[in-house]
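Here's a quick briefing to read with the model open. Grab your viewer and follow along.

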Amino acid sequence: MTEAHSKWPRAGDGYEPLGTAEILGRNGATLRLKVGATTVEIAALAEDLFRVGAFPHGKSVEYDSEAVAKTAWDPIEVSVAEQAGNLSLSTSKATARISLNPLRIRFSDPSGRVFAADDERLGMGFAGRDEPAIGLCAPEAVVRVYKRRGRGERYFGCGERTGGLEKTGSRPLFWNIDPPAGHAPSFNNLYVSIPFVFSLQEGAAHGLLFDNTHRAVFDLARTNADLSCFEATGGNLIYYVFCGPTPRAVLARYTELTGRIPMPPLWALGNQQSRWSYRDEPHVRRVAREFRDRDIPCDVIHLDIDYMDGYRVFTWDRDRFPNPKTLISELRKDGFRVVAIVDPGVKVDEDYPVYTEGRDKDFYCQTFEGEEYRNTVWPGLCAFPDFTGRRVREWWGRHHAALLDAGVAGIWCDMNEPALGIPERATMPPDVVHPGDGKPRLHRQVHNLYGTLMARAAHEGIRRLRPQSRPFVLTRSGYAGVQRHALLWTGDNSSWWEHLAMALPQLQNLGLSGAAWAGVDIGGFYDDCNGELLARFTEFGVFQPFCRNHSAKGTIPQEPWAFGEPCQSVCRKMIQLRMRLIPYLYTLFEECHRTGAPILRPLLFEYPDDPTSDAMDDQFLLGSALLVAPVTRPGVEYRYVYLPAGTWFHYWTGERFDGPAHILAHAPLGQPALYVKANTPLPLGPSMSHTGERPIDPLTLLIYPAEGRGEFALYEDAGDGFGYRKGAYARRSISCETGDGVTIRLGAREGTFVPERREIRLELPGMPSIGGVKINGETFDRYRSDGDRLVLRLSEQAGAATVEVCFGSAG
Ligand code: GLC
């Protein structure tokens, strides 16, 4: 036994790797094998996607999963070869090599890269019982697969986590909890479980989804530097390998399998404000008024639990909110939407129809003895809907009418780990029964799904109640695939500088785990914020896909004006910048919806070959055109920034930098280190107090020319509804090529949507001297030089246009 192996497996847990396999047969791209009483399947679902399933003890082959959105894959060409006890299953892009004695599987691609290779000695198999028998339910075996760490392999992703971006050397646990306040790097699990690891190996990427909703643990080269291990305390052993080799290809396939974020309503990109709680109608109106009076943009106000009658879900407290419909419609006239919180716990109360209806229909989770399972949350004693049942989800979805009829625009699902009060911060015991749709399961089998299924019920309910609108569902808890139902916020962070710093890797890993539409509470939830922290938090927060300031009961107020100047002006300026960035952000959302590319992304996503940026997590990219390097320490005005290959321009000063370069950026309050990639058109809208206040007219295309070429494909549509699925969108590619002069090409508009706009404004900084301008070959002299900024106004037209700018003699 080598030194590397001596630490595995854990002594005494009875792990037995699968032994010799027999071939049972092949069905298209699926090979079926048998190892004793275990059935094993290896399938190529797509050229760069394989699925492995092992079903012990004669269990039937079954891949049903809440993680998986796509089950029907188009047939692909595969070739199968058998030679000297080895099998291979090849597509045009990758090969699964299977040795039969003993059964071991590894993957490779035509470049010779080997990845996700079973450890020769340990392979995959089953261990002794971690979970006891419950009643007649047999104890389940631990399922486990050991993979060799590839050459130079580094691990990322794994969903919502504390700590840094890189997860090599860690042992992440996948078990949803409501963690204690003060999330620290040592916390091994939070509210969300996404058992997906994104690997980078000498510039090439691959991914592995371990699809198991039991308590799962990965060991990512922690116990043994050459091995990783993926295990769960029960269920079948099912995993998917995404072959890449680019980060984009991994995310595209991962999100094709598990689903992509829905198109957001445009307003969801606006600034959002929350507090536990804006407790009554006058308070809500006052907050809304402050935003408008102070000229700080805001689209959404969140109502936390105090809007309810005694915390009974789907009710209103009529003393504090006597007429929600009027309130919400008046706010709406002023450009605000309202999002309301919903918790899963239903107050046990004989006079509360939601409770009695659920009880009469047997919709709640049960104790093992068949009683209604109860525990405490905000309202006191509660029962908990069993969201694994389709009828329960439909019923729950229908109840959202109580909120939607009042005009509520979006739903915020909270406490859905589920988080329970007895004992404090508990979740359900493992033996609670989810009756399901006639297929009862124990809580320990489905625990990690509770949040996803509650969000799904809300999402589907809203779709039925408001078929013309795009649902906005925010959730705290979820499992892999949750992104197709809801966006995430990262729960109860604290008003600490450390949590501002932690937010950066946290969101980057969520982006690498398919859950790109996410955000942290700006300013921090627990503890008291202060002006400098809020200003710096907001400088970062406006670049999050979900931009919301939220804080806990008992903390000092934290609205953008709460700390006076200079914090208020910094917040205003940054939120105004977010509003101007909406055309860019919306395009990134659509890209994410269509391809899975994260909106807020780590540098490694765009520069996987650059080892300097691999683990860098104190800066990030928004799309590919903006690099953001927030200040995350008090009293600091300068920070180190790494600019990867290419030419970058400082957003505030226009200063040019040629990457790769390490620079010291001056980032005083209100001027966070922000860089724009040369030649990549950055679409900016006008200033607005809220989305939809006015058309995006003019649309500014900010372009910093430097030798080379860049491109951006702007996406627009109605901002809500589903017309885009029938072609009612506008996509337009805009490129900029700089050599002897600057040539900007606006492609013809694709799609039938016609933006309400008269003018496109090209703004080119760093152009001190202009020799002349031609549009479609014709001389154009209505340009303006504003200092060294060239400004050209074009009318919005559907057709293509070419703009050529000649440098002047000084240029
Ligand atoms: C939970 C949520 C928090 C919310 C509070 C009261 O702690 O995470 O966002 O404000 O409950 O509903």
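Which side chain does a polar contact of 3.2 Å join to that of Gln273? The partner is Tyr278, with a polar contact meaning a pair of N or O atoms within 3.5 Å; within protein, one must be able to donate a hydrogen and the other to accept it, and residues adjacent in sequence count only if both atoms are side-chain atoms.

Some ground rules: this is a predicted model, where local features need pLDDT of at least 70, side-chain atom pairs count only at pLDDT 80 or more, and totals for chains, interfaces and linings use all residues. Numbering runs from 1 along each chain as its sequence is written, and side-chain values use heavy atoms, leaving out hydrogens and water.

**Around Gln273**

- Gln273 sits in strand β21 (residues 272–273); strands (E, at least two residues) and helices (H or I, at least four) are DSSP runs, numbered from the N terminus.
- Gln273 counts as buried because its relative accessibility is 1%, the label buried being for under 20% relative accessible area, with exposed over 50% and partly exposed in between (1.4 Å probe, protein chains only).
- The Gln273 side chain also makes a 3.4 Å polar contact with that of Asn549.
- Leaving aside residues up to four places away in sequence, Gln273 touches a set including Val287, Phe291, His302 and Glu559, where contact means heavy atoms within 4.5 Å.

**Helix α3**

- Helix α3 covers residues 281–293, and its 13 residues reach 18 Å from first C-alpha to last, close to the 18 Å expected at 1.5 Å a residue (that is, 1.5 Å times one less than the number of residues).
- Its buried residues are Glu281, Val284, Val287, Ala288, Phe291 and Arg292.
- They're on the same side of α3 because they cover an arc of only 135° around the axis, taken from the directions from the helix axis to the C-beta atoms.
- What do these buried residues pack against? That would be β21, β22 (300–303) and α4 (324–333).
- At the start of α3, a side-chain oxygen of Asp280 comes within 3.1 Å of the backbone nitrogen of His283.
- After α3 comes Asp295, with a positive phi near 60°.

**The ligand**

- Residues surrounding the ligand include Trp276, Ile341, Trp378, Phe525 and His550, each having a heavy atom within 4 Å of it.
- Polar side-chain atoms lie 2.4 Å from a ligand oxygen for Asp304, 2.8 Å for Arg476 and 2.5 Å for Asp492.
- Taken alone, the ligand exposes 310 Å², and the protein buries 98% of that (Shrake-Rupley areas, 1.4 Å probe).
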